[in-house]
Amino acid sequence: MTTLWDTSGSEVVKALSAERRAAGALAFGLALTLVVVVDEQNVAAAEGAATLASSAHPCRLLIVVRRQIDAPHPRLDAEVSIGGRLGPGEAVVMRMSGRLALHAESVVLPLLAPDAPVVTWWHDEPPTRIAYDPLGVFADRRVTDVALAPDPLAALYQRAADFAPGDTDLAWTRLSPWRTLLAAAFDAVSERPDTAVVTAGRANPSAQLFAGWLRNRLAVPVTIEEGSGRGTISAVTLRFGADRLAVTRTDSRSATISRSGFPDRVLPLAERGLGDLLAEELRRLDDDVVFAEALGTWSSLPNLASRSEHREHIWHDPMTAQAHGSSDVTVGAGASTGGSAVGSGSGAGETEAAGGGA
Amino acid sequence: MASTVSSTNPLRDPRDRRLPRLPDASALVVFGATGDLSRKKLIPAVYDLANRGLLPPGFVLLGFARRDWSDEDFAVFAREAAEKGARTPFREEVWDRLAGSVRFLRGAFDDDAAFDRLASLLEELDKSHGIGGNAAFYLSIPPSAFPVVLKQMQRTGLASSPDAPGWRRVVIEKPFGHDLGSARELNALVDDVFTPSGVYRIDHYLGKETVQNLFALRFANTLFEPIWNSQFVDSVQITMAEDVGIGTRAGFYDETGAARDVLQNHLLQLLALTAMEEPVSFGAETIRTEKLKVLRAVSLPTDLDRYAVRGQYEQGWLAGERVRGYLDEESIPADSRTETFAAVRFGVETRRWAGVPFYLRTGKRLPRRVTEISIVFKKAPHLPFDETDTAELGNNQLVIRVQPDEGVTLKFGSKVPGSAMEVRDVAMDFLFGEAFTEALPEAYERLILDVLLGDATLFPNNAEVEESWRIIDPLEEHWATTTPHRYRAGTWGPAAADEMLAADGRRWRRP
């Protein structure tokens, strides 16, 4: 491991190739570069998750910690390691302060593994527009987590407004086990349901996406009912006239599938950690059309999947933005056009989202 | 609510790759459930599938064996097997859920009443677990018991009932007969009781990740296919070496020998996958068609004395321990002429492969356990260097390592750093463990899942099995009157195998 204090980008590149040579026979079959954008207070969680995910999908791990943008002098500190505390692969943790934090790409670009796909993950409040962050612009896949935003539904709506193919959100990833069980339970059913109910906290972005997905796939009204739990999804119920098919979480590890006229079945439904979620994201590097459709149906914004996947970097200085007020927030124009469109949605949550976005 | 299986689940979408495909609700019935294979491979694989959430909501594991056990006894046995053999961490709650759908049925194979009970138990399970009549029967039993079990299944309508809903499949393990005649008999019997498309012949090598990767390597890249022919390929070596002896299989092994045990199935399948033409699509039938074409084109050399070598291990040292010779193994007759090593040169009589020898070898008590396919390329037609510069340059090689360390190695010449021009072989290694370490599923895990899903891509069909015997039978006939060469345990086989390649101006690659 090499630690560099108050260093430059070229020193980091040199340190990485020195570490690579020292690792000798360990020539890595790199499949991708994972760029993690994280706040100082979330570094430990992000490092843990990225280490776990990178042991499943060996990658070059570049962790960018931006701090103190208003510091008078730009400064870069870096830690370079191979096969160290950050898993078996190559890892660089970079702390950037001062104006350098706004130009993180100048350090990161030369460190990307040649011609391998880049995944950028914000373990942080997602950027208002991904085009504001150059670390998102050059990425092939961009992973956000609206659950970390102060208003998750407004953030989810903003994701839809700002969407480009290749974007995904961990709120969607958290849903995969639920969708798997429901789809498996539905395999044996030939009827179309009349209605569907997701039991969860209304402010839960995963529940909103669940509703969006079900409406998109089944073309039935979907409502979100407040559950008793901690706001996480506790059940999903499809109604067929008098019959019902439900998947209900029983504990943190399993769920029950109950269907009228059939005995109950208990199946695994594990609550997954951040590392597992990230590993699922790294499994596929192409865009997720099904997510785009679910998000589009939820937000009532049309044709998300057919947008251009290319983004141009938009220069955005949070310090001037602060000085001039939050005019940027409405740049995601979807918020204003979306307000009326979203009203046609079935869940109460969407209205909240529009309110928060406007 | 009707319980028909709909193929058009609106929640499924081929583009939605986050959702794994789960099999239909079904029962996996294991005959010989208390045996070694079941304990070491099948039950752990079922547990791993459950742990990964890949078993359907209505899944039942039903053990059938002679022991006087209750459901609970079998559950305890299965739990131990899963704890010991599973690849994924053992988790109590996963097991508890699985244990709720473990059943045991006591019975002998000639016991009519037991099979009647089995039939009615499956009907019960239909009500209690909603298996919808779907059942896969895994025959983890000696081949001699196949006919009686199959007849029982036919009698009780277990095998296929045209009126009843759901599918019935049968899984059989090698050996698929011991020569062409017996294989035909067995195939006729199985295909008659089940439908040919309901029969899954397990060759666990085909469940290995690298073997499937051979398709990707060959047909998804432009790099390799243009040179995958006799114009560029000098020869192909396929090796399957084991460091173990015959273990507890003495009786079976002495009747069978290395050629029938390994060459006839695993190695010829690997040959077929290496040499086959591109299938028109990636489906079970199209792939089998191409594999069968290759197997039909496989030819034997005329000089079998030289090009079909078999050996038998003598005592020696292996991995720091003294090991017994084959003839000193327990229950092996002192005058046994069964081979524990076989090396054969085959040809593939197609335009693509004309003149390219395929050297296949397998053996027990070789220095290490390794299976690999090595494509040896021709030397460059002209080398613009001094002869001394390239003295250490060998043939380019592409090696597909099936096990262990699944991956691919490319061997090519590179300049030795320094002022002199000197070219030497270097190896570029691709390890699955590095680029994609999603912990590799066990072969049985993958294959059992495929059986339940009804995907026959990785299973050889009856025609392939018969064609393989067509290739092996003349060898066995030739060997019937000969005595195998001796080789010391812990060496790479008898000298005659090396001479066989030396006669062609080649040598075996040391795996």
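Where in chain B is P404(B) found? P404(B) is in the loop between β15 and β16 of chain B. Strand β15 covers residues 397-403, and β16 covers 407-415.

Before I go on, one caution. This is a predicted model. Please keep that in mind for every number you hear.

Chain B has another cis peptide bond to show you. It joins K174(B) and P175(B), with omega at about 5°. Where does P175(B) sit? Its place is the loop between β5 and α6 of chain B, and that helix runs over 180-193.

Strand β5 brings me to the sheet. Six strands of chain B form an open sheet. Read the order with me: β3-β2-β1-β4-β5-β6. The pairing is parallel. At the edges are β3, residues 102-106, and β6, residues 199-202. Each of those pairs on one side only. From one strand to the next, the twist averages 20°.

Let's zoom in on one pair. Strand β2 of chain B, residues 59-65, pairs with β3(B) in the parallel sense over five bridges. Which residue is the bridge partner of L61(B) in β3(B)? That is V102(B).

Now, the helices on this sheet. Helix α2 of chain B, residues 71-85, packs on the sheet and touches β2 and β3 of chain B. Its direction makes about 120° with that of β3(B). Helix α4 of chain B, residues 112-129, packs on the sheet too. The strands that α4 touches are β1, β2, β3, β4 and β5 of chain B. Its direction makes about 165° with that of β2(B).

On to the interface. How many residues of chain A are in contact with chain B? The count is 53 residues of chain A, against 36 residues of chain B. The area buried between the two chains is about 3800 Å². Carbon and sulfur atoms give 51% of that. In chain A, the residues that lose the most area to chain B are D187(A), R217(A) and R265(A). Together they make up 16% of what that side buries.

What about charge across the interface? There are nine salt bridges between chain A and chain B. One to find on screen is R12(B) with D187(A), at 2.9 Å from N to O. So much for one pair; the polar contacts come next. Between chain A and chain B, 15 residue pairs are in polar contact, both residues at pLDDT 80 or more. Which element gives the most to the chain A side? Helix α7 of chain A, residues 176-187, does, with nine residues. By class, that side of chain A has 25 nonpolar, 10 polar and 18 charged residues.

Last stop, inside chain A. Over all chains, the structure holds 64 salt bridges. One of them joins the side chains of D133(A) and R66(A), at 2.9 Å from N to O. This pair links distant parts of the chain, 67 residues apart. D133(A) is in the loop between β6 and α4 of chain A, while R66(A) is in strand β3 of chain A, residues 59-67.

One backbone detail to finish. N303(A) has a positive phi, near 55°, and N303(A) is not a glycine. Look for this residue in the loop between α10 and α11 of chain A. Helix α10 covers 289-299, and α11 covers 318-323.

Notes. Residues are numbered from 1 along each chain as its sequence is written. Chains are lettered from A and ligands numbered from 1 in the order in which they are written. This is a predicted model: local features need pLDDT of at least 70, side-chain atom pairs count only at pLDDT 80 or more; totals for chains, interfaces and linings use all residues. Side-chain values use heavy atoms; hydrogens and water are left out. Contact means heavy atoms within 4.5 Å. Buried area is the accessible area (1.4 Å probe) that two parts lose on being put together, summed over both. A salt bridge is a side-chain nitrogen of Lys or Arg within 4 Å of a carboxyl oxygen of Asp or Glu. A polar contact is a pair of N or O atoms within 3.5 Å; within protein, one must be able to donate a hydrogen and the other to accept it, and residues adjacent in sequence count only if both atoms are side-chain atoms. Helices (H or I, at least four residues) and strands (E, at least two) are DSSP runs, numbered from the N terminus. Ala, Val, Leu, Ile, Met, Phe, Trp, Tyr, Cys and Pro count as nonpolar, Asp, Glu, Lys and Arg as charged, and the others, Gly among them, as polar. Two strands pair if DSSP finds at least two bridges between them. Axes are lines fitted to C-alpha atoms, for helices over the stretch in contact, and angles run from 0 to 180 degrees between N-to-C directions.
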